[in-house]
Amino acid sequence: MVQIPDKYESPSTDFRGAWVSLFVSDMKSYIDEEDWKKEVKSVIDVFEYYNLNTMIFHVRTHNN
């Protein structure tokens, strides 16, 4: 049995995210761990600026 509420209630959370991949140059290349952390921080800052709450991070680009 399907029940339709009298009043629509907006969900308290939304899925607002983006796909991030090293394969398509979403992130700059890095030399060491410190550079990697700076780049990840800059990507997170962009997500925060656009009020995104989910990052889908593509790690295995060539299934290796």
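Colleague: Leaving aside neighbours within four places in sequence, which residues is N53 in contact with?
Modeller: N53 is in contact with D14, F15 and R16, where contact means heavy atoms within 4.5 Å. This is a predicted model, in which local features need pLDDT of at least 70 and side-chain atom pairs count only at pLDDT 80 or more, while totals for chains, interfaces and linings use all residues. Residues are numbered from 1 along each chain as its sequence is written, and side-chain values use heavy atoms, with hydrogens and water left out.

Colleague: Where is N53 placed?
Modeller: N53 is in the loop between α1 and β2. Helices (H or I, at least four residues) and strands (E, at least two) are DSSP runs, numbered from the N terminus.

Colleague: Buried, partly exposed or exposed?
Modeller: N53 is partly exposed, with a relative accessible area of 42%. Buried means under 20% relative accessible area and exposed over 50%, with partly exposed in between, for a 1.4 Å probe and protein chains only.

Colleague: How far apart are the C-alpha atoms of N53 and G17?
Modeller: They are separated by 5.8 Å, and the two residues are 36 apart along the chain. G17 belongs to strand β1, residues 17-21. At 35% relative accessibility, G17 is also partly exposed.

Colleague: And what does G17 touch, not counting residues up to four places away in sequence?
Modeller: L52 and T54. For I31, 14 residues along the chain from G17, the C-alpha separation is 27 Å.

Colleague: Back to the loop. What is phi of N51 near?
Modeller: Phi of N51 is near 60°, a positive value in a residue other than glycine. N51 is in the loop between α1 and β2, and with a relative accessible area of 49% it counts as partly exposed.

Colleague: New topic: how many aromatic pairs are there?
Modeller: The count comes to two aromatic pairs. Rings of Phe, Tyr and Trp (its six-membered ring) pair if their centres lie within 6.5 Å; planes under 30 degrees apart count as stacked, over 60 as edge-to-face and the rest as tilted.

Colleague: Why is the pair of W36 and F57 edge-to-face?
Modeller: The ring planes of W36 and F57 are at 75°, with the centres 6.1 Å apart, so the pair is edge-to-face. W36 lies in helix α1 (residues 33-49) and F57 in strand β2 (residues 54-58), so the pair ties together parts that are 21 residues apart in sequence.

Colleague: What are the relative accessibilities, W36 and F57?
Modeller: W36 has 25% and counts as partly exposed. F57 has 31% and counts as partly exposed too.

Colleague: Which residues form the edge-to-face pair at 4.9 Å centre to centre?
Modeller: Y49 and Y50, with 90° between the planes. Y49 is exposed, and so is Y50.

Colleague: What about I44, where is it found?
Modeller: I44 is in helix α1. I44 is partly exposed at a relative accessible area of 44%. Its C-alpha atom is separated by 10.0 Å from that of T54, 10 residues apart along the chain.

Colleague: Now the whole chain. What pattern does it follow along the sequence?
Modeller: The pattern is β-α-β, from one helix and two strands.

Colleague: What radius of gyration does it have?
Modeller: The protein chain has 18 Å, whereas a compact globule of 64 residues would have a value near 11 Å. The radius is taken over C-alpha atoms, and the globule rule is 2.2 Å times the number of residues to the power 0.38. Along its principal axes the C-alpha trace spans about 60 × 30 × 15 Å.

Colleague: How much counts as buried?
Modeller: Of the 64 residues, 9% count as buried. The chain exposes about 6100 Å², and carbon and sulfur atoms supply 55% of it; these areas come from the Shrake-Rupley method with a 1.4 Å probe, and for residues only the protein chains shown count as cover.

Colleague: What share of contacts comes from residues 24 or more positions apart?
Modeller: Such residues account for 62% of the contacts with a separation of 6 or more.
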